[in-house]
Protein chains: 2
Amino acid sequence: MKVTKNPPMAERLYREIGESIKQEIAKSTMKIGDKLPTERVYAELFGVSRTLVREAFIMLEIEELIEVRKGSGSYLKNSLSSLQAIAQVSDVGPFELLQARQEIESSIAACAAPVITKHDLQKLQDILDIESAELEIVEKANSADRDFHLSIAQATQNTVLLDTATRLWDMKDGNPMWKKLHARIQDTSYHDQWLDDHRKVLVQLRKRNAEGARQAMWQHLENVKQTLFKLSDTEAPDFDGYLFAQPHN
Amino acid sequence: MKVTKNPPMAERLYREIGESIKQEIAKSTMKIGDKLPTERVYAELFGVSRTLVREAFIMLEIEELIEVRKGSGSYLKNSLSSLQAIAQVSDVGPFELLQARQEIESSIAACAAPVITKHDLQKLQDILDIESAELEIVEKANSADRDFHLSIAQATQNTVLLDTATRLWDMKDGNPMWKKLHARIQDTSYHDQWLDDHRKVLVQLRKRNAEGARQAMWQHLENVKQTLFKLSDTEAPDFDGYLFAQPHN
DNA sequence: AATTGTGATTTGGTATACCAATTTTGTCTT
DNA sequence: AAGACAAAATTGGTATACCAAATCACAATT
């Protein structure tokens, strides 16, 4: 039986064209507001049909790099650097990311403590129960972990904080370094400690103790950091460039 | 002479098609991984050519909502809700945003204090000098303000913190509420106080006093918040829905 | 000389036709 | 009946042709 596989599909052509156009823009001296070459010009330049160039333009337009105006032309809307600065953050190192999460999530916990609702507290309790029960199933545990952290952010009733926390959490997805660490975490059971950390955070939230919650969340992420540090120490070479600025507190 | 105008251009059709498709997805009971109707089906459904549907698909693909596979079909990749949660953050209220910035940027200041370089301190001093000199020119002052805050984030040497700070700062762009407030700020000169706030932050950073820097930055954003609160109070009705959870610290 | 109007040109917008990869179907072989 | 192979149908990929809006050039008008 042939398995339905389709991972290594050749990338869609319009993406290649789009990237090529980006390179052209990078090489040129165009400034924001300048007019780009027309679709037809690019089509001839790359030796493809205008349709493809058009699709590439749509890609750049959605990325907010350009703006296209009928009958007039397409124009640079943002600098290339400002965009890729945001894009390339995704492959940041685990420690750098955890450092940031420690700073921000402890503040979020402190921020949530005074305003958290009974309903949210119950929700956190439920998540903890799931964590206790499903400790073995890695996927469940992970999902619950995420729920726990983000639910606290939601309890602040501040959209921006929730968005920031979500963004930071999802940053680890797609980073190969995290996957390696993650595989090693599955064996050993640091989950027990982390579960205990979560309990301590919830206790402080129940007491509506802002500084207590801050401390508890700080300590939790400190423990995670230390764990990852040990694990990476065991089999270190992969982490060149990721090890730096240790906690300074 | 005819001015080159082109603001009220009818929105590109592919966007309408794309939004329509999103609605169709929302109405349906499709789950992640499910297969979407084919391009041809949508083309007939909406009474347009397949080209347009295809462009709409590209839009959805770049938004990471779907994944398209040649010869097979297109598939739901993410839930609609998770995406729009991120997208709609852009029009968040000024107070909600400032609240988040107060939490996060004060932590960033504390984080920067122990590790800030002499070079970065000098850079901050230079920015302050510019702020003092160009106090009157609103654009310059604004730019310097941004530089000051983001330079501190950069001084943490943590990419994620810098990215987060940048993201928060730029959130106010495009929000009409900010523009109204901003117009009113230009008249009065709260800039003096804010400039003084900045000085106090820099003093603490020089002393490498983490908690001092945290406090100084906190107070600075507290002052900004209070100022905006007064201004919005003067001419209040616009702010329905933006006034809520006042600082709880 | 400045302005206006009109037609040609440029540019993006849309539709149709055909190509290639994938999946499905059905038949043949074992 | 099971498996393998091939033909056919499905689906996205690409190219070409034509349409409509915006712009530009230039002459006619004032």
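**Two chains and a DNA strand**

Let me start at the DNA. In this predicted model, α3(B) provides the largest share of the surface near DNA strand C, namely 3 residues.

By type, the surface near DNA strand C consists of 11 polar, 7 charged and 6 nonpolar residues.

Now to the two protein chains. Their contact involves 34 residues from chain A and 34 residues from chain B. On the side of chain A that touches chain B, at least two residues each come from α3, α5 (94-112) and α8 (159-170) of chain A. The largest share of that side belongs to α5(A), with 8 residues. Sorted by type, the side of chain A that touches chain B has 18 nonpolar, 9 polar and 7 charged residues.

Last, the symmetry. In general, a rotation about an axis and a shift along it relate two copies of a chain. Here, chain A is superposed on chain B by a rotation of 179° with 0.5 Å of shift along the axis, at an RMSD of 0.6 Å. The two copies are therefore related as by a two-fold rotation axis.

Why can we say that the copies meet through the same surface? Because 100% of the interface residues of chain A are also interface residues in chain B.

Conventions. Residues are numbered from 1 along each chain as its sequence is written. Chains are lettered from A and ligands numbered from 1 in the order in which they are written. This is a predicted model: local features need pLDDT of at least 70, side-chain atom pairs count only at pLDDT 80 or more; totals for chains, interfaces and linings use all residues. Helices (H or I, at least four residues) and strands (E, at least two) are DSSP runs, numbered from the N terminus. Ala, Val, Leu, Ile, Met, Phe, Trp, Tyr, Cys and Pro count as nonpolar, Asp, Glu, Lys and Arg as charged, and the others, Gly among them, as polar. Two residues are in contact if their C-beta atoms, placed from the backbone, lie within 7 Å. Copies are superposed by least squares on the C-alpha atoms of residues with pLDDT of at least 70 in both.
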